[in-house]
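Subject: Structure for your study

Dear colleague,

Please find below the structure that I am handing over to you. I would be grateful if you would read the notes that follow with the structure open beside them.

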Amino acid sequence: MTIKILYFAALRDALGRSEESMTLPAGVTTVGELRAFLADRGEVWSVLETNRNVRAARNQRMVSAGEPLAPGDEVAFFPPVTGG
Amino acid sequence: MKVSISVQEADFDPGQEIASLSDGRRGVGAVAAFVGLVRDINEGDDVQAMTLEHYPGMTERALQDIVAQAHVRWECTAIRVVHRVGRLEPCDRIVFVGVASAHRGDAFSACEFIMDYLKTRAPFWKCEQTPEGARWVEARESDDEAASRWEDVELRR
């Protein structure tokens, strides 16, 4: 299954990437598993594991780690919001 | 209920926004409005400018959701939210929230609720320009506390 991943604000700067398309390996079926899989890239990516403040959205709605993934999903990771 | 939400780079006119909230609506007895501005000092440092980033698509959706939640809690006739993005300088307007209602209590509460939820749930991020360089603004715990106090407010329906 292929999904799109977006990164915003300070997290995007830290990762040096704003988006990517990815075909998920077997075993990555939830937002939390995706996050752990990305963190396993090591170096800057480990922030996804160590910084528990990082939020996730699936198809533009804030979700928790157990949220299941489906083909064509848009998943976003970002820091706590600071608008207003 | 009439709802209007804009995410834009352009400035807005608070007087015009307030006037259009009650325009032609004879049942409106109160309009409460909030305007957020760029401060020149944050965390003790000079702020020369800031850039507001957002998540296009999700931003509008999140604001719609917040406004809908306000309408569940309070009787509202019209709600207007304008949030600017892009580069802003001290004294610039950032955000407008206006609520028209039959009575002031609903208008005041809904307006404050929308701001509190916007600050913790709408995907905007501020990057400040200071003499020491650019830095991302950190989320405040006090904003989470402000938003969580509404959880005890009994739902109207």
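In chain A, strand E1 (residues 2-7) and strand E2 run antiparallel and are joined by 5 bridges. Within E2(A), Ser21(A) is the residue that stands opposite Lys4(A). Please keep in mind throughout that this is a predicted model.

**The sheet of chain A**

These two strands belong to an open sheet of 5 strands in chain A, ordered E2-E1-E5-E3-E4, with mixed pairing. At its edges are strand E2 (19-23) and strand E4 (61-63) of chain A, each of which pairs on one side only. Direction ignored, neighbouring strands of this sheet are turned by 30 degrees against each other on average.

A helix accompanies this sheet. Helix H2 (residues 31-39) of chain A lies across strand E3 (55-58), E4 and strand E5 (74-78) of the chain. The angle at which H2(A) runs to E3(A) is about 125 degrees.

**Chain A as a whole**

Chain A contains 3 helices and 5 strands. Along the sequence they follow the pattern β-α-β-α-α-β-β-β. The C-alpha trace of chain A spans about 35 × 30 × 20 Å along its principal axes. How does the radius of gyration of chain A agree with that of a compact globule? For 84 residues, a compact globule would have a radius of gyration near 12 Å, and chain A, with 12 Å, agrees with this.

Of the 84 residues in chain A, 25% count as buried. Consider also the contacts in chain A between residues at least 6 apart in sequence: 53% of them join residues at least 24 apart.

**Two residues in loops of chain A**

Two residues deserve a look for their backbone angles. Glu43(A) is not a glycine, yet it has a positive phi of about 45 degrees. Glu43(A) is placed in the loop between H2 and helix H3 (47-50) of chain A. Is Glu43(A) buried or exposed? Glu43(A) has 7 other C-beta atoms within 10 Å, and a residue with 12 or fewer counts as exposed, so Glu43(A) is exposed.

Asn59(A) likewise is not a glycine and has a positive phi, here of about 50 degrees. Asn59(A) is found in the loop between E3 and E4 of chain A. Because it has 15 C-beta neighbours inside 10 Å, Asn59(A) counts as partly exposed.

**The sheet of chain B**

Turning to chain B, 4 strands form an open sheet there in the order E7-E5-E9-E10, and the pairing is antiparallel. Why do two of these strands have a side without a neighbour in the sheet? Strand E7 (86-88) and strand E10 (133-136) of chain B stand at the edges with a single partner strand each, so one side of each is left without a neighbour. From one strand to the next, the twist averages 25 degrees.

Within this sheet, strand E5 (residues 49-54) and strand E9 (residues 124-130) of chain B run antiparallel and are joined by 6 bridges. Leu52(B) stands opposite Lys126(B) in E9(B). E9(B) is also joined to E10(B), by 4 bridges, and these strands run antiparallel. A hairpin through 2 residues joins E9(B) to E10(B). Gly133(B), in E10(B), is the bridge partner of Thr130(B).

**Where the chains meet**

How many residues of chain B are in contact with chain A? There are 22 of them, in contact with 14 residues of chain A. On the side of chain B that touches chain A, E5, helix H2 (58-73), helix H3 (104-121) and E9 each supply at least two residues. H3(B) gives the most to this side, with 5 residues. By type, the residues on this side of chain B divide into 13 nonpolar, 4 polar and 5 charged.

**The nonpolar core**

In soluble globular proteins, nonpolar side chains tend to be buried together. The largest nonpolar core of this model has 51 residues. Among those with the most contacts inside this core are Phe8(A), Ala76(A), Ile66(B) and Ile114(B). H3(B) gives the most to this core, with 7 residues.

Leaving aside residues up to four places away in sequence, Ala76(A) touches Leu6(A), Phe8(A), Ala56(A) and Ala57(A), together with Tyr55(B).

Yours sincerely,
A colleague

Conventions: Residues numbered from 1 in each chain as written. Chains lettered and ligands numbered in written order. Predicted model: local features only at pLDDT ≥ 70, side-chain atom pairs only at ≥ 80, totals over all residues. Pairing = 2+ DSSP bridges. Axes fitted to C-alpha atoms, helices over the stretch in contact; angles between N-to-C directions. Contact = placed C-beta atoms within 7 Å. Nonpolar A, V, L, I, M, F, W, Y, C, P; charged D, E, K, R; others polar. Core = buried A, V, L, I, M, F, W, Y, C linked by C-beta atoms within 7 Å. Buried ≥ 20, exposed ≤ 12 C-beta atoms within 10 Å, placed from the backbone. Rg over C-alpha atoms; globule rule 2.2 N^0.38 Å.
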